[in-house]
Amino acid sequence: MPLESITQPKKILIVDDEEPVRRTLIRLLGKIQTECRIASNAGEARRILREEAFHLILCDILMPGESGLELAGYIRSEYPETALIMVTGVDDPDVVEKALELGAYGYIVKPFKVSEVIINISSVLRRQRLEAENRIYQKNLEKMVADRTLKLHSALNGVIQAIGRTVESRDSYTAGHQRRSAELARSIARKLGLAEDRVEGIHMAGMIHDLGKLSVPAEILSKPAQLTGIEFDLIKAHPKVGYNILKEIDFPWPLAIVILQHHERINGSGYPNGLRGEETLLEARILAVADVVEAMASHRPYRPAVGIQKALEEISNNKGLLYDPEAVMACLKLFYEDQFRFSNE
Ligand SMILES: [Fe+2]
């Protein structure tokens, strides 16, 4: 039974092998609002504890059979919300220290004074109540933080999707490209065994990786012919433009850098910075593979779809040259072994 559900009066268990001591304690406790049960040894105490919850246990140390200190250890581990005071004839600092180490809240030496017992018990019960209130507060706080985190996360997801749709609304031919690349990049990342949080970051980056195309005139994006050098240079600026838009935002993932690097290639032939191999983030190398495969598999203004077969040949032929070898292997396995297919909605 949870302790918080016990109403007044406070429930106290007295564990002592001496009948006169038990009687005296019951008489003293009658002066404060309590409800007492008694146990004459540790075994009986354990049995009663299995049946009922208590606010406080007053426990002797020297008893026949299991000692009060052993019982104290058991109470601490099994009933952490129950307060414990040792009531004993053993006036030895080492034993006191041991009892406090085991989690006793107080230590009363027999023969005890009435006021000493009442003060000890009252202050322990107050401390115990405050701790219970604290636990409830902590639990509520944790739930509030978890709820708020979930909401923020879902809002972030929504904002990313909205940005993705904005980019694609100007360029009907590549509509869906970011979402499908993001799905493939996420599957590659999972196949490589990355942590789920990192996988999610890759998916987010994929959803908006062509954000910088907002700066490219729509006529160029959907031009149904080969692009001129100047037009191509404008398109090639999109990773940097996307990076500049996002770089000041403190996302939980390196989205701006992944977007900056998604056209870099392993041999340094990519853009904008001609980075090589592991100079780019693994996230960007994964996204590069997913981006190329999706782009080749889909229709473009200046050419019909090349097809998934050719796309897989392209990454396979250039594995380790243009594309990260492990990301390529994971991608090939997804298509050939796991029957990965792009969704069309
Ligand atoms: Fe791109």
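Arg 135 sits in helix H5, which runs over residues 114-169; helices here (H or I, at least four residues) and strands (E, at least two) are DSSP runs, numbered from the N terminus. Residue numbers start from 1 along each chain as its sequence is written. The model is a predicted one, so local features need pLDDT of at least 70 and side-chain atom pairs count only at pLDDT 80 or more, while totals for chains, interfaces and linings use all residues. Arg 135 comes out as partly exposed, because 14 other C-beta atoms lie within 10 Å. The cut-offs behind that label: with C-beta atoms placed from the backbone, a residue is buried if 20 or more others lie within 10 Å of its own, exposed if 12 or fewer, and partly exposed in between. From Arg 135 to Ala 311, 176 residues along the chain, the C-alpha separation is 57 Å.

As for the overall layout, the protein chain splits into domain 1 (3-132) and domain 2 (170-336), with bounds that come from an automatic or database domain assignment. Taken over C-alpha atoms, the centres of the two domains are 67 Å apart. Confidence, given as pLDDT (the predictor's own score for each residue, from 0 to 100), averages 90 over the protein chain, and 96% of the residues score at least 70. Helix H8 (residues 218-221) has the lowest confidence, at a mean of 85, and H11 the highest, at 98. A contact here means two residues with C-beta atoms, placed from the backbone, within 7 Å.

Now for the packing. In soluble globular proteins, nonpolar side chains tend to be buried together. A nonpolar core is taken as a set of buried Ala, Val, Leu, Ile, Met, Phe, Trp, Tyr and Cys residues joined through C-beta atoms within 7 Å. The largest one has 40 residues, and those with the most contacts inside it are Ala 185, Ile 188, Ile 286, Leu 287, Val 289, Val 293 and Cys 331. At least two residues of this core come from each of H5, H6 (177-191), H7 (196-207), H11 (255-261), H12 (282-297), H13 (308-317) and H14 (325-336). H12 gives the largest share, ten residues. Apart from this core lies another, of 32 residues, including Ile 12, Leu 58, Leu 69 and Tyr 105.

H12 itself is mostly covered, with 14 of its 16 residues buried. At 1.5 Å a residue, the helix should span 22 Å, and its end C-alpha atoms are 23 Å apart, which agrees; the expected span is 1.5 Å times one less than the number of residues. Val 289, leaving aside neighbours within four places in sequence, touches Ile 188, Ile 315, Tyr 323, Asp 324, Ala 327, Val 328 and Cys 331.

Over in helix H3 (residues 68-78), the buried set is Gly 68, Leu 69, Leu 71, Ala 72 and Ile 75. Down the axis of H3, they stay within an arc of 155 degrees and so line one face of the helix. The face turned away from the buried side carries the exposed residues Ser 77 and Glu 78. Cover for the buried residues of H3 includes strand E1 (10-15), helix H2 (42-51), strand E3 (56-59), strand E4 (83-88) and helix H4 (93-101).

The loop between H11 and H12 holds Leu 281, which is buried because 20 other C-beta atoms lie within 10 Å. Neighbours within four places aside, Leu 281 is in contact with Pro 254, Ile 257, Val 258 and Gln 261. Pro 272 is also found in the loop between H11 and H12, and the peptide bond from Tyr 271 to Pro 272 is cis, with omega near 10 degrees. Another cis bond joins Lys 110 to Pro 111, with omega near -5 degrees.

Methods. Arc of directions from axis to C-beta.
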